[in-house]
Amino acid sequence: MKKSINRTLICFSLCIPLLLGSLLLAGTLDYRSQFLSFIPQLTNAPPCRLRSPPLRVYMYDLPPRFNVGLMDPDFPDNTPVTAANIPTWRWNDGLRKQHSVEYWMMASLLHEGNGSGLTREAVRVTDPDSAEVFFVPFFSSLSFNVHVRNMAELNTVDEKLQLEMVNILKASDYWKKSGGRDHVIPMHHPNAFRHYRDEVNASIFIVADFGRIMNISKLAKDVVAPYPHMVESYIAEEENHVDPYKSRQTLLVFRGRTKRKDEGKIRAQLHKMLNDTKDVIYEEGAASEEGFKASAEQMRSSKFCLHPAGDTPSSCRLFDAIVSHCVPVIVSDRLELPFESEIDYKEFSMFFSVNEALQPGYLIDKLRAVSEDQWLKMWSRVKSITHHFEFQYPPKDEDAVNMIWRQVKHKVPAVKLAVHRSRRLKIPDWWR
């Protein structure tokens with residue numbers, strides 16, 4: 001019996017391959033459909049999703065006095081702000097433009113169309129229960145610039161708006177539900193929301209740096225956003241007909257205020273050290289239309305653009321340099337940079353500590369040692385990332401406001417963890 005079974009198995013093992021071979025030769029067996037159906041069909045599989053779905057954002061419906069009413073005092077306070085009636089940002093609005101991130105974030109949520117090739121990182125939802133984060137469209141930076149003339153003033157309109165905003169948030173069921181952790185609040189100006197920001201410090205702040213808010217703000221929960229640049233962008237076509245290295249005959253340029261507070265004191269020290277250096281321009285400059293034009297011309301004619309700290313570790317000068325295709329030279333010990341999880345600034349910038357920059361000859365020697373090939377590599381990289389620092393309406397793919405929203409999206413898992421833990425812990429953060 002055993003021998004009979006073995007013979008049968010041997011026959012089958014010999015006959016089946018012969019049968020399959022004859023069928024394939026005759027063309028009667030479609031081997032692809034019959035056999036490869038058991039193998040994952042990579043060619044028919046859906047394409048890999050390069051991006052996650054857009055962040056779902058619920059935007060508080062605030063009276064215009066908290067936002068666009070600060071731009072246009074005639075905007076009716078009982079009229080909802082929409083894509084059709086939002087005021088256009090005035091590009092000649094001087095220093096107020098530096099901290100206008102709050103406007104661009106609000107406008108991006110009001111925008112109703114996708115546009116050509118636009119991939120949105122955030123979309124507005126009308127149902128709060130479906131939102132992943134809650135955006136607070138309070139223009140706290142603009143409020144400071146409009147309503148505060150003297151830091152010693154008491155009971156200003158700005159302070160009253162801050163208090164009213166805090167009361168609105170604390171009365172909100174959605175704020176209570178998360179303790180404000182899933183709320184996004186722009187505070188880009190170092191003095192924005194200064195009277196009451198410690199009462200909303202669980203939220204995701206949109207900041208320029210951490211210079212004056214290190215005690216309540218953290219890189220782990222907050223988002224560093226770029227300054228809108230003050231000089232006009234250098235259009236690539238304008239420089240295609242020139243040799244970028246040879247046409248930029250100045251080695252290093254700085255134009256701006258040389259007398260600043262706190263970390264910015266280094267500006268006066270560098271001015272004294274670099275003022276008479278060959279191929280270096282280091283001069284006082286005012287924040288005016290003429291000043292911005294002069295800065296643009298100098299940056300486009302220089303290989304390197306100096307970015308020392310201002311009153312806080314950051315300033316708009318870095319982003320002016322980027323859109324001028326000038327290799328940034330950054331001098332700051334406490335600077336945090338926008339989008340650094342996606343952009344490696346070392347590829348197109350040079351960094352110096354304060355102590356290094358103040359060593360006589362050290363900074364200039366390092367810059368002169370950069371070869372033409374090394375500089376061209378950095379210059380090319382600068383050109384390739386400038387679109388990430390453009391604020392515009394309607395927004396465009398990968399522009400500054402979409403990059404900011406993507407950074408907010410990266411914070412959501414940690415927010416959810418914190419919210420869920422807070423709901424069940426009897427002793428908050430017992431392990432610390």
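The model is predicted: local features were taken only at pLDDT of at least 70 and side-chain atom pairs only at pLDDT 80 or more, whereas totals for chains, interfaces and linings use all residues. Residues are numbered from 1 along each chain as its sequence is written, and side-chain values rest on heavy atoms, with hydrogens and water left out.

Helices (H or I, at least four residues) and strands (E, at least two) are DSSP runs, numbered from the N terminus. Six strands form an open sheet in the order β2-β1-β3-β4-β5-β6, and the pairing is parallel. Its edges are held by β2 (122-124) and β6, each of which has a single partner strand, so one side of each is left without a neighbour in the sheet. Two strands are taken to pair if DSSP finds at least two bridges between them. Strands of a sheet pair through backbone hydrogen bonds, either parallel or antiparallel.

Strand β1 (residues 55-59) and strand β3 (residues 133-135) are joined in the parallel sense by three bridges, and methionine 59 has phenylalanine 135 in β3 as its bridge partner. Strand β3 also runs parallel to β4, with two bridges between them; here phenylalanine 134 stands opposite histidine 183 in β4. Strand β4 (residues 183-186) in turn pairs with β5 over three bridges, again in the parallel sense. Across this pairing, isoleucine 185 has phenylalanine 205 in β5 as its bridge partner, and proline 186 stands opposite isoleucine 206. Two bridges connect β5 with strand β6 (residues 223-224), also parallel, and isoleucine 206 stands opposite valine 223 in β6.

Burial was assigned from relative accessible area (buried under 20%, exposed over 50%, partly exposed in between; 1.4 Å probe, protein chains only). In a regular strand the side chains alternate between the two faces of the sheet. Both faces of β4 are covered, with His183 and Ile185 buried on one side and Val184 and Pro186 buried on the other. Strand β5 (residues 204-207) is likewise covered on both faces: Ile204 and Ile206 are buried on one side, Phe205 and Val207 on the other.

Helix α3 (residues 101-110) is mostly covered, 10 of its 10 residues being buried. Among them are Tyr103, Trp104, Met105 and Met106. In helix α9 (residues 266-274), the buried residues are Ile266, Arg267, Leu270 and Leu274. These residues cover an arc of only 100° around the axis (taken from the directions from the helix axis to the C-beta atoms), which puts them on the same side of α9. An α-helix has 3.6 residues a turn, so residues three or four places apart point the same way.

Two loop residues were also examined. Serine 172 lies in the loop between α5 (157-170) and α6 (173-178) and is buried at 12% relative accessibility. A polar atom of the serine 172 side chain lies 3.2 Å from the backbone nitrogen of tyrosine 174. Leucine 358 is placed in the loop between α12 (354-357) and α13 (362-368) and is partly exposed, at 25% relative accessibility. The C-alpha atoms of leucine 358 and glutamine 269 are separated by 7.6 Å, although the two residues are 89 residues apart along the chain.

With a disulfide taken as a pair of cysteine sulfur atoms within 2.5 Å, the count comes to one disulfide. The bond joins cysteine 305 and cysteine 326, whose sulfur atoms are 2.2 Å apart. The pair links distant parts of the chain, 21 residues apart: cysteine 305 is in strand β9 (residues 302-308), and cysteine 326 is in the loop between α11 (317-323) and β10 (327-331). The torsion about the S-S bond is about 110°, so the disulfide is right-handed. Cysteine 305 is buried, with a relative accessible area of 1%, and cysteine 326 is buried at 0%. Cysteine 316 also counts as buried, at 9% relative accessibility.

Grid points are joined across faces, edges and corners, and a volume is the space filled by probe spheres set on the points. The whole structure contains four cavities of 30 Å³ or more. The largest cavity has a volume of about 70 Å³, and its lining includes Met187, His188, His189, Asp209, Arg212 and Tyr227.

Technical notes
A polar contact is a pair of N or O atoms within 3.5 Å; within protein, one must be able to donate a hydrogen and the other to accept it, and residues adjacent in sequence count only if both atoms are side-chain atoms. On a 1 Å grid over the protein atoms alone, a cavity is a set of points where a 1.4 Å probe fits but cannot get out, and a pocket is an open set with protein on both sides within 12 Å along at least five of seven lines; lining residues have an atom within 4 Å of a point.
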